[in-house]
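The sequence and the model come first, followed by the points to note.

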Amino acid sequence: SFKANDTIEIAYDFSRFDDKPEKIDFDKRDNWVGIVPSKIKSRQETENDAYDTNYLRMESKIGLGSMQARRNGDNDTYYELRVFPKDNGGEQIGIGIPISITSNE
């Protein structure tokens, strides 16, 4: 659980990833890990991109990153961290990791 504007630290390892549903492009850094409201059920990148509240780009197969926990205008509490192999199309990799983001009040 995070409060709005907390820093979310993310460690990732795609060294054994089998490129399904598609290869992650680390060279262009076109991929992203984003915070998306759980109520968004689509696995399509374009729909998730329309609702993400923050994201980070992965620079290599193994790494660390961070981003601020941000809530949407609906003040939803339940979100997921979701991974996409590229921007502007494609499908979510694996399943989302549930997180909650509460108000800092």
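A residue counts as buried under 20% relative accessible area, as exposed over 50%, and as partly exposed in between. Lys 39, at 46% relative accessibility, is therefore partly exposed. The model is predicted, and it holds 7 salt bridges.

**Lys 39 and its partners**
- Asp 74 and Lys 39 form a salt bridge through their side chains, with an N to O distance of 2.9 Å.
- Asp 74 is in the loop between β5 (62-68) and β6 (78-84), while Lys 39 is in the loop between β3 (32-37) and α1 (45-51), so this pair ties together parts that are 35 residues apart in sequence.
- Asp 74 has a relative accessibility of 54% and so counts as exposed.
- A network of salt bridges links Lys 39, Asp 74 and Asp 76.

**Arg 57 and Asp 87**
- A salt bridge joins Arg 57 to Asp 87, and their closest N and O atoms are 3.2 Å apart.
- Because Arg 57 lies in the loop between β4 (54-56) and β5, and Asp 87 in the loop between β6 and β7 (93-102), the pair ties together parts that are 30 residues apart in sequence.
- Arg 57 is partly exposed at a relative accessible area of 23%, whereas Asp 87 is buried at 16%.

**Glu 80 and Arg 82**
- The side chains of Glu 80 and Arg 82 also meet in a salt bridge, at 2.9 Å from N to O.
- Glu 80 counts as buried at 18% relative accessibility, and Arg 82 counts as buried at 3%.

Notes
Residues are numbered from 1 along each chain as its sequence is written. This is a predicted model: local features need pLDDT of at least 70, side-chain atom pairs count only at pLDDT 80 or more; totals for chains, interfaces and linings use all residues. Side-chain values use heavy atoms; hydrogens and water are left out. A salt bridge is a side-chain nitrogen of Lys or Arg within 4 Å of a carboxyl oxygen of Asp or Glu. Helices (H or I, at least four residues) and strands (E, at least two) are DSSP runs, numbered from the N terminus. Buried means under 20% relative accessible area, exposed over 50%, partly exposed in between (1.4 Å probe, protein chains only).
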